[in-house]
Amino acid sequence: MLSYQHTYHAGNHADVLKHIILGDILAGMQAKDKPLFLLDAFASRGVYDLSSAHALKTNEAETGVRKLWPLRHERSPMGVHRWFLHTQAQNSEGGLTYYPGSTSVLHHLQRDNDRLVACDLHPQEFDDLNHQFSRLHGVAVLKRDAFEAIKALVPPPEKRGLIFIDPSYEIKDEYTQVAKTVAQAHKRFANGVYVIWYPMLPEERHITLLRSLKNSGIRKIFRVELDTKDCFPDLQMHGSGLLIINPPWNAQQAMKSSLDWVCDKLTDNKGEKHMGWLVPE
Ligand SMILES: C[S@@+](CC[C@H](N)C(=O)[O-])C[C@H]1O[C@@H](n2cnc3c(N)ncnc32)[C@H](O)[C@@H]1O
């Protein structure tokens with residue numbers, strides 16, 4: 001039984017980085033007008049209520065979206081600006097009650113000819129996701145195991161796609177399972193864009209994921225990472241990163257600008273950022 005619920009963590013420093021970079025990547029892929037398949041394999045509920053008891057219990061949004069919110073009218077990089085506009089659109093004038101998650105970010109950028117599939121197994125997360133997104137054009141919401149869905153839905157008929165992998169890492173061996181699933185999917189769909197999120201926790205288990213993918217034989221693996229160091233001592237998760245297989249070349253500058261901005265504004269440049277190839281071409 002899954003116990004993780006993302007509402008406890010919504011809008012924290014890792015979510016902010018994740019959602020801004022995800023937008024940069026998809027925008028880069030959309031430079032070509034061919035249809036895209038978008039798979040949000042671990043979707044959660046799509047939009048989070050920051051005024052809910054869960055969110056208020058941890059107040060993690062204070063380390064992310066709430067800290068950045070006062071800057072929304074200032075000049076910022078394109079990816080950040082896009083994320084601010086989208087977050088603003090979920091809320092009434094000036095307020096910040098709702099935080100858009102990955103399905104909402106992907107749907108916001110989805111074009112008429114793109115197809116979005118979002119999966120979650122948690123009954124409550126699925127119900128919310130289903131309620132909000134299943135009636136929308138070009139969106140399918142599935143109560144389906146993410147690992148099994150990646151196997152079944154990849155390669156997509158569109159032949160171009162973004163596979164977003166954002167597990168809760170509740171189970172220790174999920175790091176290995178992610179690497180294995182991606183390696184298998186990559187064999188069938190080598191030119192897909194795979195975006196894999198990971199947390200940086202005191203146990204540093206993400207190293208297993210990095211090592212496994214580095215040794216998988218897959219080329220063109222790009223890493224974007226922000227370690228917030230001691231900026232948020234109440235959070236176990238001190239940083240986070242994204243591994244991007246086959247990043248669109250035109251997204252790299254956008255990702256750099258976004259990462260620089262997030263590091264500066266969230267950590268006053270006390271954080272440690274890293275961006276570059278884990279495995280080059
Ligand atoms: C970190 S949260 C996802 C957050 C979301 N992607 C976002 O950015 O807003 C992970 C989600 O994956 C779901 N999950 C965990 N294991 C799963 C599995 N094997 N198949 C499908 N969903 C799963 C959990 O219920 C949880 O909602």
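## A walk through the fold

With 281 residues, a compact globule would have a radius of gyration near 19 Å, and the protein agrees with this at 17 Å; the radius is taken over C-alpha atoms, and the globule rule is 2.2 Å times the number of residues to the power 0.38. Please keep in mind that this is a predicted model, in which local features need pLDDT of at least 70 and side-chain atom pairs count only at pLDDT 80 or more, while totals for chains, interfaces and linings use all residues. Residues are numbered from 1 along each chain as its sequence is written, and side-chain values use heavy atoms, with hydrogens and water left out.

Let us begin with the whole. Along its principal axes, the C-alpha trace spans about 45 × 40 × 40 Å. The protein contains 10 helices and 10 strands, which are DSSP runs numbered from the N terminus (helices: H or I, at least four residues; strands: E, at least two). Among contacts with a separation of 6 or more, 78% join residues 24 or more positions apart, where contact means heavy atoms within 4.5 Å.

Now for the interior. Of the 281 residues, 55% count as buried; buried means under 20% relative accessible area, exposed over 50%, and partly exposed in between (1.4 Å probe, protein chains only). In soluble globular proteins, nonpolar side chains tend to be buried together. Here the largest nonpolar core has 87 residues, of which I196, L209 and I244 touch the most other members. Helix 1 (residues 13-29) gives this core its largest share, 9 residues. Such a core is a set of buried Ala, Val, Leu, Ile, Met, Phe, Trp, Tyr and Cys residues joined through side-chain atoms within 4.5 Å.

Two loop residues make a friendly contrast. S92 lies between helix 4 (78-89) and strand 3 (98-100), and counts as exposed because its relative accessibility is 58%. Its C-alpha atom is separated by 24 Å from that of V262, 170 residues apart along the chain. D114 sits in the loop between helix 5 (102-109) and strand 4 (115-119), yet counts as buried because its relative accessibility is 2%. Not counting residues up to four places away in sequence, D114 touches Q30, K34, P35, L36 and G138. The C-alpha atoms of D114 and H19, 95 residues apart along the chain, are separated by 19 Å.
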